[in-house]
Amino acid sequence: MASSDKPEIVERGQKKDDKEEGEGGFIDKVKDFIHDIGEKIEETIGFGKPTADISGIHIPKFNLEQADIVVDVLIKNPNPVPIPLIDINYLIESDGRKLVSGLIPDSGTIHARGEETIKIPVSLIFDDIKSTYSEIQPGSIIPYKIKVDLIVDVPVFGRITIPLEKTGEIPIPYKPDIDVEKINFDRFSFEETVAILHLKLENKNEFDLGLNSLDYEVWLGDQSIGGAELAKSTKIDKNAISYLELPVTFRPKDLGSALWDMIRGKGTGYSMKGHIDVDTPFGAMKLPISKEGGTTRLKKNKEDGGGGDDDDEEED
């Protein structure tokens, strides 16, 4: 082979390398161009990840049986298109103990460039909590942590999870104890008698009770002697006792044998039932009060020559 063939081979090789180089550069340039266009579109349109926060916790219903809790979650969507809220997972725990959990599917849509407040309703059943965790005592206040996972589907980013947490305290309420310490008779006649019930209320909760009103009915034996509603504002401190005076008017001649048992000093059984409306640090409550099985007997006062006081004795 002539020596003049060698440069021709090298020259062809150089042309092949140049071609490959040119093809590679063109593909890279196309990729970069498409990427730049995507970034420009994203910047122009403004796609971004949504944000969320637990904006509030409310307790609309609170009694001895349960607490209904509503968790407000504020979600902001910066995108120019609506985004679906696929699922909401929630968990309420106390010191690592699960109190309640659940899943809310297909929870709606967040408007484009808007914000929505999603309300998550949760019920805590106190009997379930006390039966599951014996160390949680009635009247106590326990810490809680609410965990919420929001699962949304966002263009460009795909499906993402937004975790949220908030802590607080909630009580396990205890029914107040009630007792009638004594009964004073302001005026006594067979046609109409006015008596004052000296009532003792014991608050066994770890939180104060603000008493707003009280309704009650009193029985002597199996005969109702009447009742009333009392509007009275007073504070019953936590783990403390408060005293109330409740008026009651009745007709002794309608009481039958119960009255004669009292007059003879034999004593008769009494009972009392009602409700108290109270404010607590966690919301308003209507609590039942009851006392059954006590006995009472009438003592004559000094003006009647009985040598005693004007109090009616009460025995358990």
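How many residues lie between strand 9 and strand 10 in the hairpin that they form? Five residues separate the two strands. The structure is a predicted model, in which local features need pLDDT of at least 70 and side-chain atom pairs count only at pLDDT 80 or more, while totals for chains, interfaces and linings use all residues. Residues are numbered from 1 along each chain as its sequence is written, and side-chain values use heavy atoms, with hydrogens and water left out.

**View 1. The hairpin of strand 9 and strand 10**. Strands (E, at least two residues) and helices (H or I, at least four) are DSSP runs numbered from the N terminus. Strand 9 covers residues 177-187 and pairs with strand 10 in the antiparallel sense over nine bridges; pairing requires that DSSP finds at least two bridges between the strands. Ile-183 has Leu-197 in strand 10 as its bridge partner.

**View 2. The aromatic cluster of Phe-62, Phe-207 and Phe-282**. Two aromatic pairs are found in a search of the whole structure. Rings of Phe, Tyr and Trp (its six-membered ring) pair if their centres lie within 6.5 Å; planes under 30 degrees apart count as stacked, over 60 as edge-to-face and the rest as tilted. Phe-62 and Phe-282 are edge-to-face, at 6.5 Å centre to centre with 65° between the planes. Because Phe-62 belongs to strand 1 and Phe-282 to the loop between strand 14 (268-280) and strand 15 (283-297), this pair ties together parts 220 residues apart in sequence. Phe-207 and Phe-282 are also edge-to-face, at 5.6 Å centre to centre and 85° between the planes. Phe-207 lies in the loop between strand 10 and strand 11, so its pairing with Phe-282 ties together parts that are 75 residues apart in sequence. Phe-62 is buried at 6% relative accessible area, and Phe-282 is buried at 14%; buried means under 20%, exposed over 50% and partly exposed in between (1.4 Å probe, protein chains only).

**View 3. Salt bridges of Lys-235**. A salt bridge places a side-chain nitrogen of Lys or Arg within 4 Å of a carboxyl oxygen of Asp or Glu. The closest N and O atoms of Lys-235 and Asp-208 are 3.4 Å apart. This pair links distant parts of the chain, with Lys-235 in strand 12 (residues 223-236) and Asp-208 in the loop between strand 10 (193-203) and strand 11 (209-220), 27 residues apart. Lys-235 also meets Asp-237 in a salt bridge of 3.5 Å, N to O. Lys-235 is exposed at 54% relative accessibility, whereas Asp-208 is partly exposed at 28%.

**View 4. The salt bridge of Lys-130 and Asp-127**. The two side chains meet at 3.7 Å, N to O. Lys-130 and Asp-127 are separated by about one helical turn because they are three residues apart in helix 2 (residues 126-132). Asp-127 is exposed at 52% relative accessibility, and Lys-130 is partly exposed at 24%.
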